[in-house]
Amino acid sequence: MYGQNYIDSLDGLEQRTIDSYQCAFNRIKPFIKFKLNTFDNDQWIGIYNKLKIKDFAPRSLKHTFRIMNMICNQAELVFGIQMGHGTFKHTVKLQVDDIDPPKALDLDQQQLLMYYLTDHKEENELMYQTFIFCLIGIYTGMRTGEIGALTWKDIDLFNKTIDINKAISKSSKGEVIKAPKTKNSIRNISIHEIVVRQLKEYKKHLESIGDIHHLSSWLFNDPSNIKIHAPITVWSKRVPKVMKDIGIRGFSAHSLRHTHASNLLMNNCPVIQVAHRLGHKDASITLKVYSHFVKKLAVDFDEYMPKIHA
């Protein structure tokens, strides 16, 4: 099957990206029973409807058909064939439901989460790690993989900054530590005094239990082996579990990033500064992702108008 050959021949992409392509193709592969150039609009729409019945998220459906579009376009180029009634891209007009915008914790939920973690952080090392992880997430907007890859060397407690220069990523071949998502994700950001104070306390705590940290050591190590970092997958379980335990549902570890962005935008932080802090290429990406937060802002446009009439 050409589609599988296309996936297998992908080169120069991260394994995690290739895995997402394979997953998308696997969804649609059972329905591809004939040659691609024999498919017409009705058949593609039929496949879409069958997938929709399976309750795939709108984002997953869009991704699936985007990958199929790439495969069909490449097949045209490689074999010089003409897809039935035009290319997949121009033939299929899918009315996919709008993707739900990023969800952020409101102020009450943030306070509930951090008060709870503050009160329970010294119960065990996992709870203390979760407290520090959530604190950094809410106050910096760093991605989960970026927080998980932090070492003490990356944190300048004197100048109150964090140097974001790597991230942990998981793929079918295991975890890898690599450069952040994009070149713009490599950044140096300021951190709040509250974060500085708590990191100092955390460091003293680790020293008090005999977990001495050199500058190159991980901020979050694996309790079973302090020489290695905590697996990135633990955060997708720990953070939602803590939230669920205190009645906050429907959020993930990545929601902490959205929460930070929401806090900044709702308090009129310039979008271009938010974009840099989040590691976006430019402000247009930030607005595209978080436009629903910006729309909630009450603006007195009269203040921005010059005095024209006497």
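This briefing covers a helix pair, the pockets and the cavity of the structure above. The model is a predicted one, and every value below was computed from it. The largest pocket has a volume of about 2300 Å³, the second largest pocket has one of about 470 Å³, and the largest cavity holds about 30 Å³ of space.

**The largest pocket**

- The lining of the largest pocket consists of 47 residues, and those that lie nearest its centre are R16, R59, R143, K181 and H254.
- At least two lining residues of the largest pocket are supplied by each of helix 2 (15-28), helix 4 (58-79), helix 8 (144-148), strand 3 (167-171), helix 10 (235-245), helix 11 (255-266) and helix 13 (283-294).
- Helix 4 provides the largest share of the lining of the largest pocket, namely 6 residues.
- Divided by class, the lining of the largest pocket comprises 15 nonpolar, 17 polar and 15 charged residues.

**The second largest pocket**

- The second largest pocket, with a volume of about 470 Å³, is lined by 25 residues, of which L107, Q110, Q111, I138 and N263 are the closest to its centre.
- Two or more residues of the lining of the second largest pocket come from each of helix 6, helix 7, helix 9 (193-208), helix 11 and helix 13, and helix 6 gives the most, with 6 residues.
- By class, the lining of the second largest pocket divides into 13 nonpolar, 8 polar and 4 charged residues.

**The packing of helix 6 and helix 7**

- Helix 6 (residues 107-120) packs with helix 7 (residues 125-140) at an angle of about 150 degrees, and the axes of the two helices are 9 Å apart.
- Because angles over 145 degrees count as roughly antiparallel, helix 6 and helix 7 are roughly antiparallel to each other.
- The crossing in which helix 6 passes helix 7 is left-handed.
- On the side of helix 6 the contact is made by Q110, L113, M114, Y116, L117, T118 and H120, while helix 7 contributes M127, T130, F131, C134, L135 and I138.
- The contact of helix 6 with helix 7 has 9 nonpolar and 4 polar residues, and no charged residues.

**The cavity**

- The count of cavities of 30 Å³ or more comes to 1, and the space in the largest cavity is about 30 Å³.
- The residues that line the largest cavity are M142, E146, A149, L150, D154, D163, I164, N165 and K166.
- By class, the lining of the largest cavity has 4 nonpolar, 1 polar and 4 charged residues.

Key: Residues numbered from 1 in each chain as written. Predicted model: local features only at pLDDT ≥ 70, side-chain atom pairs only at ≥ 80, totals over all residues. Heavy atoms only, no water. Axes fitted to C-alpha atoms, helices over the stretch in contact; angles between N-to-C directions. Helix = DSSP H or I, 4+ residues; strand = E, 2+ residues; numbered from the N terminus. Parallel < 35°, antiparallel > 145°, perpendicular 65-115°, else oblique. Left-handed = near helix turned anticlockwise from the far one by under 90°. Contact = heavy atoms within 4.5 Å. Nonpolar A, V, L, I, M, F, W, Y, C, P; charged D, E, K, R; others polar. 1 Å grid on protein atoms, 1.4 Å probe; cavity = no way out; pocket = protein on both sides within 12 Å on 5 of 7 lines; lining within 4 Å. Points joined across faces, edges and corners; volume = space filled by probe spheres on them.
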